[in-house]
Amino acid sequence: MMMKMPWRRKSRSFHLQLQGAIGTIQSPFLFLLTNYCHSSTSTLEDARFLTNNFKSASFTRLHDAIASFNHVIHMHPLPSRAQFSRFLSALLKMKQYHTVFSMSKTIELLGISHDVYSLSILINCFCHLHLVDFGFSVFGKMLKLGLEPDVVTFTTLINGLCIESKINEAVEFFDDMVARGYQPDVYTYNTIINGICKFGKTNVAIGLLKGMADRGCEPDVVTYGATIDALCKDELVGEALELFSQMRNKGISPNVITYTSLIHGVCKLGQKNQALALMNEMVEQDILPNVYTFNVLIDALCRDGMVSEAQNTFNVMIQRGVEPDVVTYNSLIDGLCISDQFKEALALLKAMVGRNISPDVFTFNIFIDTLCKKGLVSDAQNIIKIMIQRGVEPDVVNYNSLMDGYCLCKQIDKARKLFDLMVTNEIANIFSYNVLINGYCKCKMIDDAKQIFDEMSHKGLVPDAVTYHTLIKGMFQAGRPQTAKELFKDMCSYGQQPNIVTFSIMIDGLCRQGKLDEALTLLKEMEESQLKPDLVTYCILINGMCKAGKINDAKEMFSSLFENGLQPNVHIYSAIMKGLCRQGLMGEAYKVFKDMEKVGCLPNNCCYNIIILGFLKHEDLPKASELNNEMVDKGFSADDATTELVVHLSRNNDLILRLLKVRNGGSAN
């Protein structure tokens with residue numbers, strides 16, 4: 001039974017298809033050929049130059065190539081097919097695909113028949129032009145002429161299918177090639193594996209890599225590199241590192257691309273130390289990291305707050321002669337701004353411009369966003385003006401940051417004007433609406449927030465989880481729990497699946513409204529929807545139970561955390577201690593306070609003030625004094641509530657002032 005081959009699917013003749021493909025091409029060759037035929041004859045020296053230029057195919061300019069071709073096609077005898085093919089191959093490397101088609105047609109008209117090499121060149125041109133179907137037509141002609149395609153021909157067509165994202169067809173064609181008895185070489189494997197990896201079929205790629213040795217073909221650095229990169233993108237870094245070790249054990253030296261993929265992979269998992277170790281290993285192997293390698297590491301370090309390490313990496317980059325680009329500077333500037341080193345960020349911007357690297361829209365947005373968060377909105381406005389002057393068009397992100405700045409400064413009218421302008425110019429996105437809704441909620445203009453929310457549907461925008469979260473929280477704060485509950489139901493009905501944050505906001509709102517039973521019902525609903533409550537949810541509920549006087553329920557929930565394998569954080573310890581102090585259970589509160597240190601959760605300023613305030617209210621002055629001294633020794637200080645109570649009690653009891661050895665700047669005076 002004959003196997004169905006994908007290259008036999010075309011019925012139209014190759015000549016018609018080829019004519020259709022090149023008929024619309026305005027080839028520079030045709031124009032120059034016409035001019036050549038009407039030009040004066042060349043000198044003998046020129047003729048020799050043109051002939052040698054053709055034979056060596058060493059030209060760098062298209063004009064020279066065309067002149068050489070025009071010269072040799074009038075020679076007697078004509079150059080051989082092999083010489084013409086070598087010449088066309090050089091044009092192919094110059095990406096002059098259309099000129100190759102024109103010259104190939106001329107060669108055919110001169111009576112020089114095609115061979116496998118020349119037709120493979122045509123196939124390659126079609127594939128690079130994203131016309132793989134025409135490539136298959138040429139392949140069909142090859143078979144009709146009785147020419148035997150070689151592995152290069154098959155590989156070229158596989159690459160063409162991959163370029164056009166026809167991965168399933170590429171795999172099918174690869175299998176057909178093997179079935180016909182052709183032996184794929186390492187380049188064939190690299191082509192198909194690279195294509196498969198780009199479309200997320202990493203398991204198929206690994207299967208092919210493992211099967212290479214069985215077919216007598218050893219993987220090379222490109223094969224491993226493509227697979228390692230795919231594994232890292234799938235966050236399967238462990239498997240990638242294993243393959244990396246296997247590669248080195250086979251004596252294959254990793255290249256800069258392989259190292260960069262691994263560094264990117266470990267950075268995504270937050271393993272910065274391992275990324276730095278890989279970078280050092282590269283340097284030891286005399287493999288110079290490129291700008292992308294440095295950018296990956298610098299960005300990861302900045303995102304993790306390790307700005308000084310990022311700056312050190314940047315200095316190494318400069319020392320090794322690798323020129324930073326705008327991405328490098330953007331990462332560093334962003335890291336400096338986040339770590340509140342604004343002056344250093346400005347200095348880096350100046351250095352960036354000094355290197356003739358123009359700031360882009362992302363650079364400007366970092367500064368706009370930082371200035372807005374600092375309340376310096378007028379300075380942010382000036383940045384927008386500078387952008388426009390430099391010919392950088394502000395985008396929706398820039399305007400959203402500026403609008404958010406207006407909201408933070410309570411300049412809600414300016415925020416609304418900017419928003420209306422964005423809507424008029426049709427650049428407002430879902431984030432724009434979220435910013436303004438949040439601004440209205442913060443200014444307690446809840447009706448305006450709801451109005452903007454309602455307008456979204458008229459604009460064809462679907463509210464996302466952030467929109468609902470913002471408005472639900474705003475409704476609770478405005479004392480409209482019923483509207484908040486309706487929004488929660490709407491969210492579910494409109495396809496926005498509530499997440500842990502949604503439930504936490506709802507539970508917090510209900511607890512603050514004194515509706516503890518409803519909050520607990522919602523907790524059960526959350527658990528039934530396969531969502532596991534986190535520490536934030538439990539902290540909210542424990543707080544709510546304590547405020548409602550249900551201290552036993554709060555204690556039970558607190559104990560259940562340990563049973564469920566959760567380690568309470570400082571916020572939960574603060575909540576349960578506050579509840580116990582409020583009920584006068586100082587012995588239990590103090591035990592919780594001491595226990596938290598035993599499990600590695602160190603008390604913070606809030607914890608100390610809660611327990612000290614509790615002992616003061618219940619007139620255990622020696623214990624309050626002891627804890628106050630301990631608090632001060634650890635660098636903490638009394639908060640307003642503790643200070644106020646100390647001042648109030650000291651007016652009636654001088655003993656307090658003597659017992660409380662206030663060592664934090666006389667805050668009790």
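**Pockets and a helix pair**

I began with the second largest pocket, whose lining residues divide into five nonpolar, four polar and seven charged. This is a predicted model, which I keep in mind for every entry.

I then looked up the space in the second largest pocket and found about 410 Å³. Its lining has 16 residues, and Asn330, Asp334, Ile338, Ile366 and Asp369 are the closest to its centre. Helices H17 (291–303), H19 (326–338) and H21 (361–373) are the elements that each give two or more residues to this lining.

Next I turned to the largest pocket, which has a volume of about 610 Å³. I found 29 residues lining the largest pocket, with Asn190, Thr191, Asn194, Gly195 and Lys198 nearest its centre. The elements giving two or more residues here are helices H7 (116–128), H9 (151–163), H11 (186–198), H13 (221–233) and H15 (256–268). Which helix gives the most to this lining? I noted H11, with eight residues. By class, the lining of the largest pocket has 12 nonpolar, 13 polar and four charged residues.

Last, I checked helices H24 (residues 412–424) and H25 (residues 430–442). Their axes come within 11 Å and cross at roughly 160 degrees. Angles over 145 degrees count as roughly antiparallel, so I put H24 and H25 down as roughly antiparallel to each other. H24 passes H25 in a left-handed crossing. From H24, the contact is made by Ile412, Ala415, Arg416, Phe419, Met422 and Val423. From H25, Ser432, Tyr433, Leu436, Gly439 and Tyr440 take part. I sorted this contact by class and got eight nonpolar, two polar and one charged residues.

Notes. Residues numbered from 1 in each chain as written. Predicted model: local features only at pLDDT ≥ 70, side-chain atom pairs only at ≥ 80, totals over all residues. Heavy atoms only, no water. 1 Å grid on protein atoms, 1.4 Å probe; cavity = no way out; pocket = protein on both sides within 12 Å on 5 of 7 lines; lining within 4 Å. Points joined across faces, edges and corners; volume = space filled by probe spheres on them. Helix = DSSP H or I, 4+ residues; strand = E, 2+ residues; numbered from the N terminus. Nonpolar A, V, L, I, M, F, W, Y, C, P; charged D, E, K, R; others polar. Axes fitted to C-alpha atoms, helices over the stretch in contact; angles between N-to-C directions. Parallel < 35°, antiparallel > 145°, perpendicular 65-115°, else oblique. Left-handed = near helix turned anticlockwise from the far one by under 90°. Contact = heavy atoms within 4.5 Å.
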